[in-house]
Amino acid sequence: MFKGKFIDNLPKIYGTYTGGFIVFIILMAIGEQAGMSAKVIGICFVAFTVLIYALIGYLSRTIQVDAYYLAGRQVPTVFNGMATAADWMSGASFVAMAGGIYFKGYGYMALLVGWTGGYVLVASLLAPYLRKFGCYTVPDFIGTRYGGNLARLSAVIVLTVASFTYVTAQINATGTIASVALDIPFNIAVYVGLASILMCSMLGGMRAVTWTQVAQYIVLIIAYLIPVFWISNKMGAGVFPHLMLADEVARIAELEAQFGLGSVKNSAADLKQVPKGLSGITKAHAEVNTTPWKFISLAVCMMAGTASLPHVMMRYFTTPSVKAARRSVGWSLFFIFLLYSSAPMLATLSKLSLMDPNLATGIIGKSISEVQAIDWYQNWNQANLMFVSDFNGNGTLELNEFFMGGKAVVLATPEIAGLPYVISGLVAAGGMAAAMSTADGLVLAISNALSHDIYYKMINPKAETAKRLLIARILLVLIGFAGATIAALEIQGILGSVIWAFDFAMSGLFFPLVLGVWWKRANAQGAVAGMLGGLAAGTAYLIAVRSGYPGFLDITQLTFGIVGSVVSLVLMIVVSLATKAPDAATQKMVDDVRVPSGKAILGRQH
Amino acid sequence: MSKQAQHWEKTRGLLFVTLAIWFVFSIGIFLFGAEMEASSIKPFGYPLSYYMTCQGSLGIFVILIFWFAGRQEKIDEEFGFSEREDD
């Protein structure tokens with residue numbers, strides 16, 4: 001079933017799958033009418049979708065190296081675009097992004113610009129050339145282009161640091177959603193999440209991850225868009241919110257003035273009562289509220305980080321040709337755009353639902369006791385995502401007396417706006433899909449680098465196929481468990497660690513990758529200095545800022561990649577020029593990478 | 001100049017154009033956030049600064065990548081470096 005013809009049948013297969021999923025949603029809606037409880041609906045949504053992914057993972061099992069590492073290099077452009085979009089959009093994009101926009105407005109939207117603009121760099125600087133190279137992993141490119149185990153090892157180190165920082169956040173997110181939807185304690189839910197992640201990747205490697213990611217994209221985009229369109233129509237804000245919310249944005253500004261946004265400051269004693277992690281609205285919705293440099297520096301870090309994160313890059317190794325790799329980047333960004341352009345709309349709708357006294361759902365300006373009696377307020381207050389308190393003692397809820405967690409914007413808005421519970425179940429399934437797909441891509445990127453680059457290329461080049469794949473699978477499970485164990489400790493928030501991952505990747509890999517294609521004179525010594533020096537400088541700056549050093553040029557712990565990558569670039573150029581130029585064979589290899597036609601540099605089985 | 005060198009020259013030219021457009025919409029316009037906000041240009045009624053961060057720049061990046069891919073394919077064909085379909 002999964003051979004040859006499978007590729008030709010893809011539109012039909014995923015069309016049927018999408019239809020089936022919609023039928024499932026309708027069945028759940030009927031179930032809700034018939035009296036199914038909210039909890040059962042939530043369990044059904046998460047369990048049903050996760051089982052489907054596991055089934056796809058099982059059907060895609062393989063014993064071929066080529067299929068395990070590269071999905072057989074036959075993933076069509078549009079489908080690879082969907083898989084990349086799921087790979088890319090993490091639990092953070094799905095659950096936390098709209099919340100970030102809701103609370104921080106314009107300053108936060110630098111992330112939207114950065115996380116999309118980075119794909120222009122991927123398409124023009126890297127993806128087609130790395131595809132032509134024919135490598136299995138990103139360190140495979142570094143190791144072959146520059147030559148030598150030291151360069152390969154350095155790339156594996158940077159990859160592991162960046163991807164591991166990222167993956168703990170994703171496993172954390174799957175745990176959060178599984179614990180809410182299945183009603184089990186978080187530190188058990190983390191391992192339930194891990195088991196689902198491993199089921200998708202262990203048997204079939206890249207091939208299984210590719211086909212589950214396509215399925216996960218379909219679930220997550222349906223789960224994100226339905227509530228946005230539904231709420232917008234229900235509120236009478238516009239049939240097509242993306243183009244029709246200008247009045248609502250203006251209305252929020254009006255209400256902000258009316259409710260005296262920013263004029264009343266909460267005292268420190270008052271704020272102590274507010275549960276950790278919740279915040280009030282303190283920034284205007286659409287106003288430019290940050291300096292150009294702060295906005296641009298954050299966007300630049302996210303863009304360069306996008307172009308250096310190995311789990312994204314390796315998706316473009318699976319396309320049938322160089323041309324397909326280029327187009328596939330365009331499709332990836334298109335599918336990402338569908339969600340990213342909806343997040344600000346959701347934030348707008350959510351904020352207006354809560355603020356506008358003309359709407360039945362508005363709570364600001366109502367009496368505190370009235371708000372505390374609302375069902376959804378009680379639910380989300382119990383989940384530690386909402387809080388009100390009458391600081392000034394006038395009995396009325398003021399704008400500065402309402403607090404919410406970032407996740408609530410996505411998770412609670414459907415309920416606030418009065419949508420049926422089936423939508424909340426759908427949103428939980430979407431969040432789970434987003435976090436699982438990214439976690440799968442990351443775990444696979446790390447274990448592939450360790451099994452292919454460290455074990456096969458450096459320790460035991462004579463290993464047989466069966467042994468290589470066995471090692472790859474064992475590593476996959478070990479890394480998954482390590483990630484889950486750290487996630488269970490709950491050290492960092494989801495979004496913070498995601499941003500760090502971009503900065504780590506940018507510090508160590510951006511220039512070594514780009515110059516590997518675009519500067520023939522770059523050599524192994526330069527690349528090693530660039531990778532290790534960049535990573536060390538970035539990390540040192542991060543640690544310094546976290547322990548109280550004020551930093552320079554307004555570079556914060558979110559933008560430390562600027563320090564790392566500049567050090568990396570300088571070291572790479574200076575050391576390369578101070579040492580011998582790469583030999584003729586390497587120069588020829590770079591020339592070959594620059595044209596799409598002809599054989600790949602590395603053969604199909606290497 | 002060899003065919004390959006010419007091909008690379010054109011490829012590099014396309015890269016510079018692509019990166020220039022990318023620079024304008026990812027960095028350039030955000031130097032003028034306050035000016036955009038005050039501007040009387042309001043796409044679909046949104047303040048320009050808000051619109052560019054929500055949709056404008058994002059959409060332009062999507063179009064830019066497809067445009068870039070199309071141009072690069074033309075360059076590859078011109079010099080006979082495109083891949084055979086049965087590859």
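Trainee: Of the contacts in chain B between residues at least 6 apart in sequence, what share join residues at least 24 apart?
Mentor: That share is 54%. Keep in mind that this is a predicted model.
Trainee: What does the secondary structure of chain B come to?
Mentor: Chain B has three helices and zero strands. Read from the N terminus, the order is α-α-α.
Trainee: And is chain B a compact globule or more spread out?
Mentor: More spread out. The globule rule gives 12 Å for 87 residues, and the radius of gyration of chain B is 18 Å, well over that. Its C-alpha trace spans about 50 × 30 × 15 Å along the principal axes.
Trainee: How much of chain B is buried?
Mentor: Buried residues account for 36% of its 87 residues.
Trainee: Switching to the interface. How many residues of chain A are in contact with chain B?
Mentor: 42 residues of chain A, meeting 40 residues of chain B. On the chain A side, the elements giving two or more residues are α7 (110-133), α12 (241-244), α13 (246-258), α15 (292-308) and α17 (322-340).
Trainee: Which of them gives the largest share?
Mentor: α17(A), with ten residues.
Trainee: How do the residues on that side of chain A divide by class?
Mentor: Into 27 nonpolar, eight polar and seven charged.
Trainee: Now the helix pair α25(A) and α26(A). At what angle do their axes cross?
Mentor: Roughly 155°, and the axes of α25 (residues 524-546) and α26 (residues 561-578) of chain A come within 7 Å. Angles over 145 degrees count as roughly antiparallel, so α25(A) is roughly antiparallel to α26(A). The crossing of α25(A) and α26(A) is right-handed.
Trainee: Which residues meet there?
Mentor: On α25(A) they include Gly526(A), Gly530(A), Gly533(A), Gly534(A) and Gly538(A). On α26(A), Gly561(A), Gly564(A), Ser565(A), Ser568(A) and Leu571(A) are among them. By class, the contact of α25(A) with α26(A) has ten nonpolar, eleven polar and no charged residues.
Trainee: Last one, Ala383(A). Where is it found?
Mentor: In the loop of chain A between α20 (375-382) and β2 (386-388).
Trainee: Why does Ala383(A) count as partly exposed?
Mentor: Because Ala383(A) has 14 C-beta neighbours inside 10 Å, and partly exposed lies between the exposed limit of 12 or fewer and the buried limit of 20 or more.
Trainee: What separates the C-alpha atoms of Ala383(A) and Gly405(A)?
Mentor: A distance of 9.9 Å, with the two residues 22 apart along the chain.

Technical notes
Residues are numbered from 1 along each chain as its sequence is written. Chains are lettered from A and ligands numbered from 1 in the order in which they are written. This is a predicted model: local features need pLDDT of at least 70, side-chain atom pairs count only at pLDDT 80 or more; totals for chains, interfaces and linings use all residues. Helices (H or I, at least four residues) and strands (E, at least two) are DSSP runs, numbered from the N terminus. Two residues are in contact if their C-beta atoms, placed from the backbone, lie within 7 Å. Ala, Val, Leu, Ile, Met, Phe, Trp, Tyr, Cys and Pro count as nonpolar, Asp, Glu, Lys and Arg as charged, and the others, Gly among them, as polar. Axes are lines fitted to C-alpha atoms, for helices over the stretch in contact, and angles run from 0 to 180 degrees between N-to-C directions. Angles under 35 degrees count as roughly parallel, over 145 as roughly antiparallel, 65 to 115 as roughly perpendicular and the rest as oblique. A crossing is left-handed if the near helix is turned anticlockwise from the far one by less than a right angle, and right-handed if clockwise. The radius of gyration is taken over C-alpha atoms; the globule rule is 2.2 Å times the number of residues to the power 0.38.
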